[in-house]
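Work through the exercises below with the sequence and the model open. Each task is followed by a solution in steps.

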Amino acid sequence: MKLEENKSLKDYLTMRLGGKARYFAEIQTKDDVVEAFQFAAAHQLKTFVIGGGSNTLADDEGFDGLVMHMCLKGRTILEDNADDIVIRYGAGEILDEVISESVDMHLTGIEAMSLIPGTIGAAPVQNVGAYGQDISQSFVELEAYDMYSKKFVTLSKEDCQFAYRASIFRGKDWGRYIIVSVTLRLQKGNPQPPFYKQVQARLDEKGITSYTPALIRETVIEIRKWKLPDPHYIPNSGSFFKNAIITKQKLAHLQEKYPTLKGFAMGNDTFKISTGWLIDQAGLKGASMYGMRVHDRNALVLTNVGAKSYHALAKAREDIIAEVNKQFGIKIVQEVLEMH
């Protein structure tokens, strides 16, 4: 295991902000995971795992512990059935490369998540998804190092308790597991409509009625490239806020004033609405503050156009949350993870 001290974190996080990690380790093998954990335990250090750094923030003080950079690669076909195929991926595999390969194999199940940055090992943490698909729909199991029992364990879909942008890894078991592999079951053949509204609209515009995984991937990439800034060129962390979950009564109240507002049923008389819409209606789409900017094509995204510190981002975040709450009585919630 390669271990470094006082490593700059902003070079590994797509928002390009944050201080230094006291210790930093590249994780290439399962043995590296064990060695890293033993080092952290021996020195009484906090730990944090990053993959592509696209959904993580570090503050200006950095992280006074051990940051593990997950680089564990590999693909293994476990089953090849008449209708589907089961593949295990190393947690450090780049998610979009996994999706591209699955499309080349004419497999369906994850193509609508094309161009989501980051690694596949990070995908179960917040049940990553887009355009009508999320990782839980294709998920079979994952392998992780359990820092409580000090051994590798296998967790099923049920164990992970997936919900909207949530799992045990963001909830009751935060910081307990180091994910080393993810196993998916992908379907052979073509995806079936109806597709997510924006995807279907783009297909209809082109008069397309015969669908393939490659076609859906191509369509999603077109939409994402138009709506979302590439973090390689404009620092950002993707969707910064979660879509809001509100009560049926709250939705009805909002629809009295905004009759075109859509709500998506989430169960228990709750509905998901677009936080991007809320930010836009609050007059903040395209707004600049403290060196941060609300993206002018997708108000869920905050871009770093000149901020030099996490403190600046934090001030912009709080201003946005406060303004939306002031105008709508809804307190929006950050989606991006933070090192603690």
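**Exercise 1.** Decide whether Tyr131 is buried, partly exposed or exposed, and describe its backbone.

Solution. Step 1: the relative accessible area of Tyr131 is 12%. Step 2: buried means under 20%, exposed over 50% and partly exposed in between, with a 1.4 Å probe and protein chains only. Tyr131 is therefore buried. Step 3: Tyr131 has a positive phi of about 50° although it is not a glycine. Step 4: Tyr131 sits in the loop between β9 (129–130) and β10 (133–134); helices (H or I, at least four residues) and strands (E, at least two) are DSSP runs, numbered from the N terminus.

The model is predicted, and local features need pLDDT of at least 70, side-chain atom pairs count only at pLDDT 80 or more, while totals for chains, interfaces and linings use all residues. Residues are numbered from 1 along each chain as its sequence is written, and side-chain values use heavy atoms, with hydrogens and water left out.

**Exercise 2.** Carry out the assignment for Tyr290.

Solution. Step 1: Tyr290 has a positive phi of about 60° and is not a glycine. Step 2: its loop runs between β18 and β19 (292–294). Step 3: the relative accessibility of Tyr290 is 37%, so Tyr290 counts as partly exposed.

**Exercise 3.** Find the peptide bond from Pro193 to Pro194 and state its geometry.

Solution. Step 1: omega of this bond is near 5°, and the bond is cis. Step 2: Pro194 lies in the loop between β13 (177–188) and α4 (197–205).

**Exercise 4.** Describe the surroundings of Val305.

Solution. Step 1: Val305 belongs to the loop between β20 (301–304) and α8 (310–328). Step 2: with a relative accessible area of 51%, Val305 is exposed. Step 3: leaving aside residues up to four places away in sequence, Val305 touches Gly291, Met292 and Arg293, where contact means heavy atoms within 4.5 Å. Step 4: Asn236 is 69 residues from Val305 in sequence, and their C-alpha atoms are 9.2 Å apart in space.

**Exercise 5.** What is the strand order of the open sheet of 4 strands?

Solution. Step 1: the order is β14-β20-β19-β18, with antiparallel pairing. Step 2: β14 (236–239) and β18 (288–289) are the edge strands, each pairing on one side only. Step 3: two strands pair if DSSP finds at least two bridges between them; β14 and β20 have 2 bridges, in the antiparallel sense. Step 4: Asn236 stands opposite Thr303 in β20.

**Exercise 6.** How are β6 and β7 joined?

Solution. Step 1: a hairpin of 3 residues links β6 to β7. Step 2: β6 (residues 75–80) and β7 (residues 84–90) pair in the antiparallel sense over 5 bridges. Step 3: Thr76 is placed opposite Arg88 in β7.

**Exercise 7.** Summarise the protein chain as a whole.

Solution. Step 1: the chain has 8 helices and 21 strands. Step 2: of its 340 residues, 53% count as buried. Step 3: the radius of gyration is 20 Å, which agrees with the value near 20 Å for a compact globule of 340 residues; this radius is taken over C-alpha atoms, and the globule rule is 2.2 Å times the number of residues to the power 0.38. Step 4: the C-alpha trace spans about 60 × 55 × 40 Å along its principal axes. Step 5: among contacts with a separation of 6 or more, 61% come from residues 24 or more positions apart.
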